[in-house]
Structure formats: C-alpha cells, structure tokens
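Please examine the structure shown below. The report that follows it is written for a reader who is new to the description of protein models.

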Amino acid sequence: MELVGRAWRTFAGVAIQLFWGGGMFLLTAIAYIVRDWVDLQLATSVYATSLLCLYWLIPESPRWLLTQGRILEAKEVLEKVAEANGKTLPAGAVEAMGKAEKEEEESPKNDGLLTVCSYPVLAFRAIVLFVNWFVVVMVYYGLTLNVGSLGGNIYLNFFLSGAVETLANIVTIYALPRMGRKKFHCFSMLLGGVANVSFLIPVLVGGSNTTWVGIVLSNIGKFGATGGFSTIYVFTAELFPTNLRNSVVGTSSMVARIGGIISPYIADLGDLVGGKFGTSLPYVVFGLSGLVAGLLALLLPETLNQKLPETIQDAVHFGKSRASDADNKSMAKKHSVNADTEISSSEIVSVINGNGHMNQAFVLEKF
C-alpha cells in the first residue's frame, strides 16, 4: 500500500486477499486427493521455499526509506516506479522531501508501540483496532474450522466457504471506495454477527432437517468476517503514520493470532455443552463478539480519500474537523520546500503512479 497512490490503495490492500481464496480452492482439491493429514501438510508447505526469491524482487517502501533518511535508496525505488509508469521523477524532488523529513522534530526515527501509548488519541484507536483484529480473526477461523460440524460433505462445505470468501473480497474492492472503510467494516461485522446469532433459530425451533439453514447462515457469517478481515488491513494502515505503521499493523496481527488460537476451542464448545443449545453456542459467541467489534469501529475516523498520515502529529489530528493555526503551519512547513512548491513522499508516489501532476512550480494534488 505504501508503493501506490491514493486511487489504488483499496485495490492493493484488498486484491491480495483474492489469492487467499484461490488458495482455499487449491487446498480443497489437494485435500480431496491427499487424504493423509501428514502428506497433506507436506504438500501444502514445501512450495513456500520458492517464496524466498521475492526478497530480491519486491522493492522497499520509499516512504519508510525517507523516514529513515535513506534518500538515495528511496530515489532509486521511485525512479524505477516512475520509469515503469512512463513518468519522470522531477529533479531534486526526493532530496527536497528527504530534507523536509530530516527537519521534522516531532517524530524520531525509531518510534514504536510505546510511542502510540504516549498519545491518548492514538492509544484509543489502537485498542479499538486490536479488539477488531482479535474478533475478526477469531470469527473467521472459527467459522472456517467449524465447516466439519455443519453436516453434509466437508469438501463441498469448504469449497463453498472459499467461494463466499472470494465473493466477499470482490464486494469489498467495490464497496470501500463508495461506503468508506468505517461504514463497510461496521456493516460487515454486524452482518456476520447477526447471521451467527441467528443460528439459534433453526437449532431451537427448526425441524430435523436444518442442515442447509446452518450452512447458509455460516456462509453469511463468513462473508461478513471476510469483509471485515480485508477492510481492517487497509483501515489500520491508513490510520497511523509511516514510522508507526509497521509496528501497529504487526502488533494488531499478533493480537489477532490470539483470536485464532482461541477460535478452535470456541468451536468445540458444542461438544462440551451438548444438546441443541451446545450446537449453536459457538455461533452465538462469534456473533455477539462481531456485534461488539462492529459497533466499536464506529468510534474510529474515516480514512476514505484522505492523505496517509506521515508524522505522529498528522495521525493525532487525523479525522478532526478543525486543527489549530499552529498545527496547520506545522503541516504546511512539512510539505513545503519553498514558497511555490509543496512536496511529500505521498505526493511523489501519487504522481509517478499516474494519480496527479508534478512540477517544481505549483502545489501538488494531495494524496
């Protein structure tokens, strides 16, 4: 996401999830052929060694390089991007941006999670995001791992789960630029929550053949969880500045894995409780958790069509309708090289990806 302009942020952040769905389809086929779990584990793992070659193929983030003062490396990356897009990187633009970053006194280079805790606004947003990451991963993996208890053919159920996930990611790509991150994430979590809680209805009052109802509700829940999963990646990355982005996203992912660890135990609650209520209990837990997380997400600011924050102060004031004159001057200084030019790493990336126009004589399109 740090390599593309504003117009492509949503696509870059969500489209990669389509390959996750493709992996589920491939896993279904391999699992159908390779029935022994040890052989299946080997068959789906050994290929990963080939991914090591990506280290030499994927460029470093120019935004991050600039915040670290590695100007020449950032310039080299941006020149390659500009050349690939048929653009020309303005002479001195990267050096000027590097100088502006160096003059920033508000953000030390080695900011981490402790820095987030020292700003109440950022700490609150981080906590809300941690809760949402925890819940969305818990629900996602819980529903995925629970396909075996839905009845019917487990291979068909898993294939349908992958199809629903692919559809959810396609919908997410089109919905995020229209609904915004906050609204769509909230909608996805509430949809999944309601669908999972509704699992009580066929279990408690349904007849003997309610398998198909459970499968439908489970897949609706999976649709919501997938939409929330895809959105939360984009949402989190856009709420925090460049020098904190990796720390916050990484910590969020770590918290999310705790939800992934807990999810199979919640899925097994039905075996412990037993009876009709026991069958629906895991879905009720997933559903209520999704409802709480979705409502909490409404407390976060919207990031749609907003410039990525590049300093801590940018992030602190992000989403506020009014900033003080002093803050405005500080931000203006950050983006100004001289009286006639405003340059930021966001704008440079935006321009060389074809989302704006740049020269050394006028104000650039904000990214």
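## Overall make-up

The model is predicted. Its protein chain contains 17 helices and 2 strands. Of the 367 residues in the protein chain, 49% are buried.

Contacts can also be sorted by how far apart the two residues stand in the sequence. Among contacts in the protein chain between residues at least 6 apart in sequence, 77% connect residues that are at least 24 apart.

Two packed helices are described by the angle between their axes and the distance between the axes. Helix α9 can be described in this way with two partners.

One partner is helix α7, which spans residues 120–145; its axis and that of α9 come within 12 Å and cross at roughly 45 degrees. The two helices are therefore oblique to each other, since the angle lies between the limit of 35 degrees for roughly parallel and the start of the roughly perpendicular range at 65. The crossing of α7 and α9 is left-handed. On the α7 side, the contact is made by N132, V135, V136, V139 and L143, and on the α9 side by H185, M189 and N196.

The other partner is helix α8, residues 154–179, whose axis comes within 7 Å of the axis of α9 and crosses that axis at roughly 130 degrees. The pair α8 and α9 is therefore also oblique. Here α8 contributes V171, T172, A175, L176, P177 and M179 to the contact, while α9 contributes R181, K183, F184 and F187.

## Aromatic rings

A search of the whole structure finds 11 aromatic pairs. One of them joins Y140 and Y141 edge-to-face, with 5.0 Å from centre to centre and 90 degrees between the planes. Y140 counts as buried because its relative accessibility is 2%, under the limit of 20%. Y141, at 23% relative accessibility, counts as partly exposed.

The rings of F199 and Y283 have their centres 3.8 Å apart and their planes at 10 degrees; this angle is under 30 degrees, so the pair is stacked. The pair links distant parts of the chain, 84 residues apart: F199 belongs to the loop between α9 (181–197) and α10 (200–205), whereas Y283 belongs to helix α14 (residues 275–296). F199 is buried at 6% relative accessibility, and Y283 is buried with a relative accessible area of 2%.

Rings may also gather in groups: W20, W133, Y140, Y141, F229 and Y233 form one aromatic cluster. A ring can have a charge over it as well, for the charged end of R35 sits over the ring of Y32, 4.7 Å from the ring centre.

## Two individual residues

V284 lies in helix α14. With a relative accessible area of 12%, V284 is buried. Which residues is V284 in contact with, leaving aside its neighbours within four places in sequence? They are N196, V197 and L200. V284 and V197 are 87 residues apart in sequence, yet 4.6 Å apart in space, C-alpha to C-alpha.

N305 is found in the loop between α14 and α15 (312–316). Although N305 is not a glycine, N305 has a positive phi of about 60 degrees.

Definitions and conventions. Residues numbered from 1 in each chain as written. Predicted model: local features only at pLDDT ≥ 70, side-chain atom pairs only at ≥ 80, totals over all residues. Heavy atoms only, no water. Phe/Tyr/Trp six-rings, centres within 6.5 Å; stacked < 30°, edge-to-face > 60°. Buried < 20%, exposed > 50% of the residue type's maximum accessible area, 1.4 Å probe, protein only. Helix = DSSP H or I, 4+ residues; strand = E, 2+ residues; numbered from the N terminus. Lys NZ or Arg CZ within 6 Å of the ring centre and 35° of its normal. Axes fitted to C-alpha atoms, helices over the stretch in contact; angles between N-to-C directions. Parallel < 35°, antiparallel > 145°, perpendicular 65-115°, else oblique. Left-handed = near helix turned anticlockwise from the far one by under 90°. Contact = heavy atoms within 4.5 Å.
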